[in-house]
Amino acid sequence: MAGNIFGSLFRVSTFGESHGKALGGIIDGCPSGLKIDLKKIQIELNRRRPGQSSIVTSRNELDKVNFLSGIFNGKTTGTPIGFIIYNNDYKPKDYHHIKNIYRPSHSDFSYEEKYGIRDYRGGGRSSARETVCRVVAGSIAKQIIKNIKIISYVSSVGDISVNIPYQKLDLSIESIEKSAVRCPDPYTSKKMIEKIKSIKNNGDTIGGTITCIIKNIPSGIGEPVFNKLHAELGKAMLSINAVKGFEYGSGFNGTKLTGSEHNDLFISEKKTKTNFSGGIQGGISNGMDIYFKIAFKPVATIMKKQKTIDKSGNFVYLKGVGRHDPCVLPRAVPIVESMTALVIVNYWMYKKLSKYNNK
């Protein structure tokens, strides 16, 4: 299986399945001498872990990361960082009933078509459980680019949206984490939670959007032509489970404006009057905030009876069992931030190689 490595200069390779013994990875390219704050890594993992509230899956995983190599006396050595996270609350028996059945809108059929075999235990490698490894790598990336601030929050659930510009919201970690759905607007957060609970009680699921902002990013981050910064951010976001869309800056709404309305006029060397460009021009950061929105579909596993087919092509009825998220958005926030950090740390390193220093 290809496609298990992300990044170039700072690269992470991950392994593991949803209901296997463990998940883990190897991080290569991390500079030596970086003081690692293990508590910060665990905090990020706790934000992603299941069982944290009544509106997410009840699977009870501790998600404690064990580092095997690459860190000595609290600092990185420059050698590959190996880590592992053991699964504690895995229940493969919950999935025996789908051993020969293709679940609607899951990867069961496509995986079997490609490989001739599939791990039916919670989707195996295709499960969002795999993203726990991304959070470990992303947390280390954040510690490298510590002056760059990456903030994400849930901006919509179904038809309930935050209608306040991000610049006017309290985007402190305290404000976002205070909300079970990770929405910094208290009024909208309450409505979102009520919506998710109602959907869950009906045995259904719901999707929405997450908004991400990158602040304090230097100008000159990114590569031109095929490796544009926004293209790599789009790839990173679309690699996350359940993501169906990505837009940055003015996005699709920008198509409704004229050029004179949409152009970002300079008011100083590194500041523009507006920011429809989303902080990126020519695939390279211009020093303004980078902001983008990611669309997540409703979780495919629902607790309602659905008609599907088995391996023999026979029509059968299937109803979801086990523990599943009625809405992935609250736990996806740290995943979005981690993937963003992995993109930025690579381009941050590339920038250091872009100019020759005579000193």
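In the predicted model, Tyr-102 faces Ile-309 of strand S18. This contact belongs to the pairing of S8 with S18, which is antiparallel and comprises two bridges. The two strands are part of an open, three-stranded sheet with the order S8-S18-S19 and antiparallel pairing. Strand S8 (101-102) and strand S19 (315-318) form the edges. Each has a single partner strand, so one side of each lacks a neighbour in the sheet.

Strand S18 also contains Gln-306. This residue is partly exposed, because its relative accessibility is 24% and the buried class ends under 20%.

Tyr-153 has Thr-211 of S11 as its bridge partner. On the S17 side, S11 is held by seven bridges, and these two strands also run antiparallel. Gly-208 is bridged to Phe-296 in S17. Ile-213 is bridged to Tyr-291, also in S17. Of the eight residues of S11, seven are buried, so the strand is largely enclosed by the rest of the structure.

Salt bridges were searched for across the whole structure, and 18 were found. One of them joins the side chains of Asp-28 and Arg-11, with an N to O distance of 3.9 Å. Asp-28 belongs to strand S3 (residues 22-28) and Arg-11 to strand S2 (residues 11-16), so this pair ties together parts that lie 17 residues apart in sequence. Both partners fall into the intermediate accessibility class. Asp-28 is partly exposed, at 31% relative accessible area. Arg-11 is likewise partly exposed, at 37%.

A salt bridge in another setting links Arg-134 to Glu-130. The closest N and O atoms of this pair are 3.1 Å apart. Arg-134 and Glu-130 are both buried.

Lys-304 and Asp-204 form a further salt bridge, and here the closest N and O atoms are 3.6 Å apart. This pair links distant parts of the chain, 100 residues apart. Lys-304 sits in the loop between strand S17 (290-296) and strand S18 (306-310). Asp-204 occupies the loop between helix H5 (186-201) and strand S11 (208-215). Lys-304 is partly exposed, with 35% relative accessible area. Asp-204 is also partly exposed, with 26%. Elsewhere, salt bridges with shared partners connect Glu-44, Arg-47, Lys-142, Glu-177, Arg-182 and Glu-337 in one network.

Lys-270 lies in the loop between strand S13 (266-268) and strand S14 (271-272). Its relative accessibility is 52%. Lys-270 is therefore classed as exposed, since that class begins over 50%.

Met-1 is located in the segment before strand S1 (5-6). With a relative accessible area of 51%, Met-1 is exposed.

Conventions
Residues numbered from 1 in each chain as written. Predicted model: local features only at pLDDT ≥ 70, side-chain atom pairs only at ≥ 80, totals over all residues. Heavy atoms only, no water. Helix = DSSP H or I, 4+ residues; strand = E, 2+ residues; numbered from the N terminus. Buried < 20%, exposed > 50% of the residue type's maximum accessible area, 1.4 Å probe, protein only. Salt bridge = Lys/Arg side-chain N within 4 Å of Asp/Glu carboxyl O. Pairing = 2+ DSSP bridges.
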